[in-house]
Every structure is written in structure tokens, then in C-alpha cells.
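Morning, everyone. I have one structure to go through today, so please have a look at it on the screen.

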Amino acid sequence: MSNVRSIRILACGQILATVLALAPTFHAQRLPLKLYSSADGMASGVIHNVAYDSRGFMWIAARGGLTRYDGLEFIAFDFDEALNAPLVHCVLESRSKDRLWIAADNGLYSVDTAEVTSVVPIMEEGVGAKHRK
């Protein structure tokens with residue numbers, strides 16, 4: 001019995017020594033990360049929500065407004081000068097996939113996804129946003 005136990009302890013010790021000897025050769029894989037900011041065209045670097053629409057666009061809700069990313073470039077949307085750049089909390093696509101709903105600190109906005117060139121408050125028709133490229 002003691003011979004079997006001694007062999008097991010010796011085998012475990014050898015396995016442990018092998019693992020410890022090889023440990024420096026194992027490295028965590030580094031991911032190719034890129035940091036994006038307002039210098040890249042985003043409305044702000046402070047992000048509150050990210051959503052994808054049915055067309056494959058990524059919509060970024062941020063402190064400085066709304067940004068769309070198509071995989072190549074960011075397009076930020078400037079809100080009307082009468083409004084300060086709103087703090088955008090959330091972006092959702094409608095079930096019919098023709099509108100985006102944007103929840104901001106100053107109200108609820110709706111965007112027609114077919115021609116996203118303006119962001120119009122629900123309560124005030126005519127007050128909108130201008131596309132900035």
C-alpha cells in the first residue's frame with residue numbers, strides 16, 4: 001500500500017514540476033484592440049449604450065449625442081443648436097425596422113432609418129439635428 005502511495009506522490013510531483021517548468025512558455029493571447037474616441041468621429045468618448053440595427057449599423061448612445069458606425073467610419077449627428085448636445089441613454093430599433101427610438105436626458109427622439117439625416121424630438125416637430133461627417 002505504501003509503495004502505491006509513494007508512486008502516486010512521485011508521479012504528482014513530476015507532473016507538477018513539468019507544469020511549473022513549462023509555465024513561462026504559456027502566454028495569454030493578446031487581442032488586437034483599437035481605442036476609438038471623438039477624434040475618430042464619435043459624438044463622445046463616454047458611451048452609455050451600443051445597439052445594432054437590422055442593416056448592420058452600430059448605433060452608439062453617448063454623452064455628446066448619437067453616432068452611427070458602419071465598420072469603416074463613424075458618423076455623428078449634431079442636434080439643433082437650440083438644444084445642447086443631449087446625453088443619449090439608449091437606442092432601440094422598432095419592430096418594423098424602419099425607425100430608431102432614442103432616449104435622451106431631454107426627451108424621446110425618433111429617427112427614420114431609411115434616411116437618417118436628422119433626429120427629431122417626438123414632442124416638437126421641426127426641431128432636428130444636422131448630419132456631421
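I will start with the whole chain and then move to a few places within it.

First, a caution: this is a predicted model. The mean pLDDT of the protein is 75, and 67% of its residues reach 70 or more. Where does pLDDT stay under 50? That is the case over residues 122-133, and for this stretch the model has 37 contacts beyond four places in sequence. As a rule, coordinates predicted with low pLDDT should not be read in detail.

Now the overall layout. The protein has one helix and nine strands. Starting at the N terminus, the order of elements is α-β-β-β-β-β-β-β-β-β. Of the 133 residues, 28% count as buried. The accessible surface comes to about 9300 Å², and carbon and sulfur atoms hold 58% of that surface. If you take the contacts with a separation of 6 or more, 34% of them are between residues 24 or more positions apart.

Next, the aromatic rings. How many aromatic pairs are there? The count comes to three. One of them is Tyr36 with Phe74, an edge-to-face pair with 5.1 Å from centre to centre and 65° between the planes. Tyr36 is in the loop between α1 (2-22) and β1, while Phe74 is in strand β4 (residues 74-79), so this pair ties together parts that are 38 residues apart in sequence. Are these two residues buried or exposed? Tyr36 is partly exposed, because its relative accessible area is 35%. Phe74 counts as buried, because its relative accessibility is 10%.

Phe74 also pairs with Tyr69. Their ring centres are 4.3 Å apart and the planes are at 25°, so this pair is stacked. The cut-off behind that word is planes under 30 degrees apart. Tyr69 counts as buried too, with a relative accessibility of 13%. Taken together, Tyr36, Tyr69 and Phe74 form one aromatic cluster.

Glu73 lies in the loop between β3 (65-69) and β4. With 33% relative accessibility, Glu73 counts as partly exposed. What lies 31 residues from Glu73 in sequence and 9.2 Å from it in space? The residue is Met42, and the distance is C-alpha to C-alpha.

Now to the surface. Which residues form a nonpolar patch there? They are Ile47, Val50 and Tyr52, and together they have about 300 Å² of accessible area. Tyr52 has its place in strand β1, which covers residues 47-52. Why does Tyr52 count as exposed? Its relative accessibility is 60%, and exposed means over 50%.

Lys97 sits in the loop between β5 (88-93) and β6 (99-104). The phi of Lys97 is near 65°, which is a positive value in a residue other than glycine. Lys97 is partly exposed, at a relative accessible area of 42%.

To recap, the places to look at are the cluster of Tyr36, Tyr69 and Phe74, the surface patch of Ile47, Val50 and Tyr52, and the positive phi of Lys97.

Notes:
Residues numbered from 1 in each chain as written. Predicted model: local features only at pLDDT ≥ 70, side-chain atom pairs only at ≥ 80, totals over all residues. Heavy atoms only, no water. Patch = residues over 30% accessible without salt bridge, like charges linked within 9 Å, V, L, I, M, F, W, Y side chains within 5 Å. Areas by Shrake-Rupley, 256 points an atom, 1.4 Å probe, with all protein chains shown as cover. Salt bridge = Lys/Arg side-chain N within 4 Å of Asp/Glu carboxyl O. Helix = DSSP H or I, 4+ residues; strand = E, 2+ residues; numbered from the N terminus. Buried < 20%, exposed > 50% of the residue type's maximum accessible area, 1.4 Å probe, protein only. pLDDT = per-residue confidence, 0-100. Contact = heavy atoms within 4.5 Å. Phe/Tyr/Trp six-rings, centres within 6.5 Å; stacked < 30°, edge-to-face > 60°.
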